[in-house]
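This report covers helix packing, the nonpolar core, and a few individual residues. Please keep the sequence and the structure in view.

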Amino acid sequence: MIVVFFLVLVSLWLTQSLWQSGFFTSHDGVSHLARLAQYLTLLADGQIPPRYSGTLLGHLGYPIFVFSYHLPFMLGSVFNFLGFNLTNSLKLVFGLSLFWSGLGMYWLLRQWFKPLAGFIGAFLFLVAPYRLILIFVRAAVGEALALSLLPWLLLALHKKNIIGIAVVTALVTLSHSLFWPMYLGLIVTYLLLIKKDLRQLITGFILGLGLSAFYWLPLIFEKKLIVFDQFYTNLAVGHLVTFKQLIYSVWGYGYSHSGVEQDAMSFQVGIAQWLVVGGVIIYLLLKRKFPKLVFWALAWFWLAIALMVDWLPARYLWENLPLIKAIDIPWRFLAVAVFAASFLAAWLVNSQKKLAWVLVLGLIGVALYTNRNHLRVNEVVNLPEADYYNYAGTTTFLNEYRPRWRQSD
């Protein structure tokens, strides 16, 4: 219980900038507030589940929730119904994504490691730079929720809990359309490691897909009617990064641009995470032991790195492999690298007897120091909530949900 208490405190400390009045300038914040306003409006109109907005795109109408994920706005709607205003409802979703992800990662790691090891793995999962970028820079609420739910899905699979598998499968499917392309390989690897009877797991999985079918079925079968693939399947090569950027890049609140010269955001894996990976490799070479869990965690970490760095094999895969092209932005794999590094940190601490506490305190100190300036928002703005309810754009970047037969943008 003490570990859980500290993880809750860490989550509250990390989200301190969210509790100012108003919202903050970010990549997607305004769009998500407008989507939440639309979701609430459509629910009030009796459109359950919400699919089509008649007021977006200059009141021409837009099928926003046919193709956009639902879970962030479902949760935001619950908070709004409980009396929170629009901006606070969305900020509570962001805060919740950190809060439950730390607990989920801790209990997942406890299936393999001792409490202290589980704590450091969960701690590094919480404070990884990319976790903070998802909230304070990008305001990517769907991706934040998707990553936060990954430990819970693996935990349900580990415990072979059919109801748990069904519920979490539904939640992750509704959290972001890229959850399965991003994390399916990790999930399959985990299933191979735990060697559970697949029949019950498949039952839970099918139930979960049934619960979320109102979203993914139209997404799959109606996607051919819109122009999405014309824009988002050829972006990747321009957003590959350098290895140096993954080790250290200046923290910023701007965007990722084609090439690296104009990049105005950070792509750090995390100094503490890199120290963990280096420490694990040295320890393995000295001990000449390669446990399966560590092997696969290292494999996924380096695969994620290889898929993000601008080199010939990565370019070839992003240009030619359909499944990976769907992910569209290579540095999204920072999430996979961070997840794998948390397992490696837990294993490294768990393998120590005399130096465990020294290692834990050292990693905490490095993580806190190197992330000390990453908890601030760029600028707080206080727009009237009516602005979000009256929003007449599309809430998408390139109007990519418009029908193929429409000629204008």
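Helices α8 (residues 129-137) and α9 (residues 141-159) have axes that come within 8 Å and cross at roughly 145 degrees. Axes are lines fitted to C-alpha atoms, for helices over the stretch in contact, and angles run from 0 to 180 degrees between N-to-C directions. Helices are DSSP runs (H or I, at least four residues), numbered from the N terminus.

The model is predicted: local features need pLDDT of at least 70, side-chain atom pairs count only at pLDDT 80 or more, and totals for chains, interfaces and linings use all residues. Residues are numbered from 1 along each chain as its sequence is written, and side-chain values use heavy atoms, with hydrogens and water left out.

**The α8 and α9 contact**

From α8, Tyr130, Arg131 and Leu134 meet Glu143, Ala144, Leu147 and Ser148 of α9. Contact means heavy atoms within 4.5 Å. By class, this contact of α8 with α9 has four nonpolar, one polar and two charged residues. Here Ala, Val, Leu, Ile, Met, Phe, Trp, Tyr, Cys and Pro count as nonpolar, Asp, Glu, Lys and Arg as charged, and the others, Gly among them, as polar.

The loop between α8 and α9 holds Ala139. Ala139 is not a glycine, yet its phi is positive, about 50 degrees. Ala139 is buried, with a relative accessible area of 0%. Buried means under 20% relative accessible area, exposed over 50%, partly exposed in between (1.4 Å probe, protein chains only).

**The core**

Which residues touch the most other members of the largest nonpolar core? They are Leu124, Tyr183, Leu246, Phe333 and Phe343, out of 144 residues. Helix α20 (residues 334-350) gives the largest share of this core, 15 residues. Such a core is a set of buried Ala, Val, Leu, Ile, Met, Phe, Trp, Tyr and Cys residues joined through side-chain atoms within 4.5 Å. Leaving out residues up to four places away in sequence, Tyr183 touches Ala146, Leu147, Leu150, Ala335 and Val336. Leu147 also takes part in the contact of α9 with α8.

**Two helices with a buried face**

Helix α1 (residues 2-14) has 13 residues, which should span 18 Å at 1.5 Å a residue; its end C-alpha atoms are 18 Å apart, which agrees. The expected span of a helix is 1.5 Å times one less than its number of residues. In α1, Val3, Val4, Leu7, Val10, Ser11 and Leu14 are buried. The arc is that of the directions from the helix axis to the C-beta atoms. Ile2 and Leu12 are exposed on the other side of α1. The buried residues of α1 pack against α6 (86-109), α7 and α8.

Helix α21 (residues 356-370) has 15 residues and reaches 21 Å from its first C-alpha to its last, close to the 21 Å expected. Its buried residues are Ala356, Val360, Leu363, Ile364 and Ala367. Seen down the axis of α21, they fall within an arc of 100 degrees, so they line one face of the helix. Val358, Leu361 and Tyr369 are exposed on the face turned away from the buried side of α21. The buried residues of α21 pack against α7 (115-127), α16 (271-287) and α20.

**Single residues**

| Residue | Relative accessibility | Class |
|---|---|---|
| Val78 | 44% | partly exposed |
| His59 | 55% | exposed |

Val78 lies in helix α5 (residues 71-81). Val78 and Ser89 are eleven residues apart in sequence and 8.2 Å apart in space, C-alpha to C-alpha. His59 lies in helix α3 (residues 56-59). His59 and Val358 are 299 residues apart in sequence and 60 Å apart in space, C-alpha to C-alpha.

Thr395 lies in the segment after α22 (385-389). Thr395 is buried, with a relative accessible area of 4%. Its phi is near 70 degrees, a positive value in a residue other than glycine. Not counting residues up to four places away in sequence, Thr395 touches Ser31, Ala34, Arg35, Leu56 and Ile64.

Where is Pro49 placed? Pro49 is in the loop between α2 (29-44) and α3. The peptide bond from Ile48 to Pro49 is cis, with omega near -5 degrees.
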